[in-house]
Amino acid sequence: MQTDVLIVGAGAAGMYAAISAARAGSQVMLVDRSLIGRGGATVMAQMTVAAALGEEAPDHWEHHLADTLAAGRGLCDPALARLLCEDAPECIREMDRWGVGWARNTKHIRQVQAPGHDRPRCVYVDFVNTGPAVSKTLRAQLNRIPEIRRIGELVVTDLAVQDGICVGAHAVHVISGELLSLHAKATIIATGGLTRLYQRNSASINMGGDGYALALRAGAELVDMEFVQFFPIGHLAPRLVGMDPIMWDPFRYKLGGKLLNAEMQEFLNEDGRYVSVRDQATHAILAEVAAGRGTPHGGAWLSFRHCSEAELRLAFGPIIDRLAENGIDLTRQAIEVAPIAHYHMGGIRADTDMQTSVPHLFAAGEAVGGASGANRLSGNAITEAFTFGRRAGLRAAALAAKTAIPSIRQESETGPSSVPVSRPNPAAEIARLQQVMNEHVGPLRTRSGLERALEQITELGPECGTLPAPRAGLDPEWLDLHDLRNMRLVAECIVRAALAREESRGAHQRQDCPGTSERWQNHQRVRLASDGVRLER
Amino acid sequence: MLDALRWIRIHRDPSLAIRFSCINANACKECMISVDGKTVYACTTRLTENEMALEPLPNKTLIKDLVTEIAPPDERLKATGSSAEPAGE
């Protein structure tokens, strides 16, 4: 199969890239391991999207950039951060024209002030529906463009690289087990982040760091891999189904809410306002738990008991009924929250054309590292997906226009081998890896913990283990083996980068190296050498 | 229910085929199955201490175990380009 622009991953970044590449004249193939527009992180986003629209209060992208850089603790790639902030208003307005339904008052699009922003800047879709509305809108646009071929249930196992240039990808059709070669003039990785590496995460099953592993094995560089963002107030207890665990964010920006320790004391000096940025709040909650002031399940209380039933209904309508179905009545009870793996600041190293260090290979969205430095500002993730997706699509299309269709030589095959591999239950091994990452590579780290994690990760096998070919038909164990292979490689990158960075900054807190160090005001790049994962500063 | 199915894959039988993405946010809508003859989302259905009959969706083509073909026809590898669903097996 062949195309001009191949896009791997159909969340907001991949879908926006597809639309933008097709508009620029390319034939596009948009593939996803799950269903198109359903499986990534976008559809789960229940929160806000930041852009300096100036609808609620006068604003300029430079103010948005200043807040983004401040949140990033000195480590943002300023050019990428600028692209995100500068292009954001245009993308948000384009989505508005496409009918996404940003919440409005009578005159204008509503913008709320999320933590870390100097003014109201964040748009959303009611009720707690930002992600699904964004996905649906982009899907509707995709469906109108005949130049975009959408293929779901296709997992890309490796990129095809010939003479140092990316010429497409090897893939497996999950449903039939069929092996495929996808020949492309330009390829965009838009596979999102890696939060599935952690036991407690707010991600979908597909966010196992696939794109980072693909990029590494293709020879591309990753950057800032030690910075994994934990969302501070992820739902912990009581059991809640049918809602994203990060749903308390919109509750807090609309209603404030009180974050309390076991002694029912506010410990962040917020005074009922929602102002603490994510790394700060995460560390404060964990410090309360460590000091013995945690809740029964090991987190903090979040209380909206100051709100009346009428206020809650006005702000969240049907969501209040969904909470009631889970036995939760916010007028009577506080709920328990705790940090949960949420987003990856690090990722594939790319320039503002979204070009990676491998020619003809681009990246977009959360897969790209650097824009958020050591800590992402709230509201910037979907913005990043839109702006980077749009840019990647444009640039990939321009490159494809002057490139001949490559043919993937048989000797360069790096698709799954037919060597049978026997191993214990891979689903259980994934669960074990998630436990190790949660225990030792979370927001608070120590040298000894990281070393233990590295040992246990190494026990899972070599960093680039062979992937066997799947059995005919749907082979769930093969898919687990595929995921484990990628997760194991990416986990090692995080741990090695975290071990090397002997300071504390943003999402990376070393309890044995407290304080931020001038010496570490720089990025760590990761690549895969013949002898394994290599770290450079 | 979805937690139980995931538990089975980790602790008993990794060959069990189930379809889901978002785990329990009920956002992806991929985990539809039939429980006691009713079409439900596995992620929001509570497990009870009864015998419960889990089956693949009756009106979709069966792929394996609880997984059926629910991708829109024009988004499949062998795209049919029509919205007609094949009859169930």
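Tutor: Let us begin with Val5(A), which is found in strand E1, residues 2-8 of chain A, and keep in mind throughout that this is a predicted model.

Student: Okay, so is Val5(A) buried or exposed?

Tutor: Val5(A) counts as buried, because it has 31 C-beta neighbours inside 10 Å, and the cut-off for calling a residue buried is 20 or more.

Student: Which residues is Val5(A) in contact with, leaving aside its neighbours within four places in sequence?

Tutor: The contacts of Val5(A) include Ala21(A), Ser26(A) and Val28(A), then Ala184(A), Lys185(A), Ala186(A) and Ile188(A), and also Ala396(A), Ala397(A) and Ala400(A). Apart from that list, the C-alpha atoms of Val5(A) and Gly168(A) are separated by 8.8 Å, although the two residues are 163 residues apart along the chain.

Student: Switching to helices, how do H1(A) and H10(A) pack?

Tutor: Helix H1, residues 12-23 of chain A, packs against helix H10, residues 380-401 of chain A, at an angle of about 35°, and their axes are 7 Å apart. The crossing of H1(A) and H10(A) is right-handed.

Student: And which residues make that contact?

Tutor: From H1(A) they include Ala17(A) and Ala21(A), while from H10(A) they include Phe386(A), Arg390(A), Ala396(A) and Ala397(A). Sorted by class, the contact of H1(A) with H10(A) has 15 nonpolar, 4 polar and 1 charged residues. Ala21(A), Ala396(A) and Ala397(A), which are among the residues of this helix contact, are also in contact with Val5(A).

Student: Zooming out, what domains does chain A have?

Tutor: The domain assignment gives domain 1 as 2-227 + 345-412, domain 2 as 233-341 and domain 3 as 426-536.

Student: How many residues of domain 1 of chain A are in contact with domain 3 of chain A?

Tutor: In domain 1 of chain A there are 35 such residues, and they are in contact with 38 residues of domain 3 of chain A. On the domain 1 side, strand E6 (154-162), helix H5 (210-217) and strand E9 (222-223) of chain A each supply at least two residues, and H5(A) gives the largest share, 5 residues.

Student: Last one, what about chain A and chain B?

Tutor: There, 33 residues of chain A are in contact with 25 residues of chain B. H11(A) gives the most to the chain A side, with 4 residues, and that side divides into 17 nonpolar, 10 polar and 6 charged residues.

Note on methods: Residues are numbered from 1 along each chain as its sequence is written. Chains are lettered from A and ligands numbered from 1 in the order in which they are written. This is a predicted model: local features need pLDDT of at least 70, side-chain atom pairs count only at pLDDT 80 or more; totals for chains, interfaces and linings use all residues. Domain bounds come from an automatic or database domain assignment. Two residues are in contact if their C-beta atoms, placed from the backbone, lie within 7 Å. Ala, Val, Leu, Ile, Met, Phe, Trp, Tyr, Cys and Pro count as nonpolar, Asp, Glu, Lys and Arg as charged, and the others, Gly among them, as polar. Axes are lines fitted to C-alpha atoms, for helices over the stretch in contact, and angles run from 0 to 180 degrees between N-to-C directions. A crossing is left-handed if the near helix is turned anticlockwise from the far one by less than a right angle, and right-handed if clockwise. A residue is buried if 20 or more other C-beta atoms lie within 10 Å of its own, exposed if 12 or fewer, and partly exposed in between; C-beta atoms are placed from the backbone.
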